[in-house]
Amino acid sequence: MSPQELKAVLQAGLLSFPLTDFDAQLNFAPRSYAERLEWLQPYGASALFAAGGTGEFFSLEPGEYSEVIKVALDTCRGRTPILAGAGGGTTLAIKYAQEAERLGAQGILLLPHYLTEASQEGLIAHVEAVCKSVRFGVVVYNRGACKLTPASLQVLADRCPNLIGFKDGLGDIEKFVAIRQTLGERFAYLGGLPTAEVFAGAYKAMGCPVYSSAVFNFIPATAMAFYKAHAANDTATCDRLIRDFFLPYIALRNKGEGYAVSIVKAGATLVGHSAGPVRPPLSDLAPAEVDQLGALISRLGPQ
C-alpha cells in the first residue's frame, strides 16, 4: 500500500487500536491476540493500529513488538490494513518503523518520543528522520511531548512525502483549526483524544470526521453504530449514546491514572474476550469499578 493509498483509507470509516493480549504472567499471548482480531474483523474497522497506545506499546520490548505486529499482519492480511505503533527516541523509533515495514505493515503511527520536552526544530528533525528511514506511510501523533505547530507541520509536509496523517491528542481547538487551515488536504486528519466519541462532533465541525475508537475493543457493535450515526449526522443517536453510556463511562475512567487503557481491558473481559491484565506501571480496575462498568455495558445489549 502506497502512502497515498493509506491516506485514502484513513479518511473514512472507524479506526481502532486492538488491545495486546497478555497471560497471567504478563507474557504476550499470540493465540488470544489472533482470536481477538478475528472476532473484531466482521465489524468493519477501516484500519487497525497494532501495538498502539491502547495496545500498550510502551510496555513491549523489541522482540515482543515484532511478534505482535507479525500476528496482526498474519491475521488481518488482505482484509484490514495494519499500522504499527512506533515511538521512543529517534534511533529507537527508526528501528521500530523499519521493523514494521520489514514485516509488511501498511504504515506507522509515530507516537510521542520520550519524557524530555523538545524544541520545534528538534521535533522536526525527529519526525523527518523517521519518515526518511522508511518508504511507507507515516501518521504523526500530536500528544504529550510532541506538540507540533502549523509551521513545523508545513516544513515536514514539504520535506516528507510519506508523512500522510496527523492524529490530534491535545484537544487544543485553536491549534487544530490553525493546523487544518494551514495544511488543508495535505494530511488525513484523525481525532485521537481518549474516548474520542465524545469529541467526534466537534472535530467533524473542524474538518476532522475520522477518529479512533478504544471502546471498539469491547462494544464493537455500539462503536460502529455510533460512528455510522456520526457520519450520517444523526445527532439524536449520538446524543443518546453519549448521555447513556459515554459520559458515565468517562466518569469511571477518570477514577484512576492510566485507566484509559485499563478500563478497555476490563470491558473486554466482561464481554468474554479477555486480553488479560495490564502491565505495570498501569493497574487494573478495582472489583467495584469492574462491576460498575459491567452495569453500563449491560444497558447496551448484545454486541
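**Figure 1. Thr-75 lies in helix 3.** Helices here are DSSP runs of H or I with at least four residues and strands are runs of E with at least two, numbered from the N terminus. The model is predicted: local features need pLDDT of at least 70, side-chain atom pairs count only at pLDDT 80 or more, and totals for chains, interfaces and linings use all residues. Residues are numbered from 1 along each chain as its sequence is written, and side-chain values use heavy atoms, with hydrogens and water left out. Thr-75 has 10% relative accessibility and therefore counts as buried (under 20% relative accessible area; exposed is over 50% and partly exposed in between, with a 1.4 Å probe and protein chains only). A polar atom of the Thr-75 side chain lies 2.7 Å from the backbone oxygen of Val-71. Leaving out residues up to four places away in sequence, Thr-75 touches Ala-34, Leu-37 and Glu-38, where contact means heavy atoms within 4.5 Å.

**Figure 2. Ser-66 lies in helix 3, which covers residues 62-76.** With a relative accessibility of 18%, Ser-66 counts as buried. Apart from neighbours within four places in sequence, Ser-66 is in contact with Glu-99 and Leu-103.

**Figure 3. Arg-186 is placed in the loop between helix 7 (173-183) and strand 7 (188-191).** Arg-186 counts as partly exposed because its relative accessibility is 23%. The side chain of Arg-186 reaches the backbone oxygen of Ala-157 at 3.0 Å. Ala-157 is also one of the residues that Arg-186 touches when those up to four places away in sequence are not counted; the others are Lys-7, Cys-160, Pro-161, Leu-163 and Ile-164. From C-alpha to C-alpha, Arg-186 is 8.3 Å from Gly-165, and the two are 21 residues apart in sequence.

**Figure 4. The protein as a whole has 12 helices and 8 strands.** Its radius of gyration is 18 Å, close to the 19 Å that the globule rule gives for 303 residues, so the protein is as compact as a globular protein of that length; the radius is taken over C-alpha atoms, and the rule is 2.2 Å times the number of residues to the power 0.38. The C-alpha trace spans about 50 × 45 × 40 Å along its principal axes. Of the 303 residues, 56% count as buried. Among contacts between residues at least 6 apart in sequence, 74% join residues at least 24 apart.

Definitions and conventions: Polar contact = N/O pair within 3.5 Å; in protein donor to acceptor, adjacent residues only side chain to side chain.
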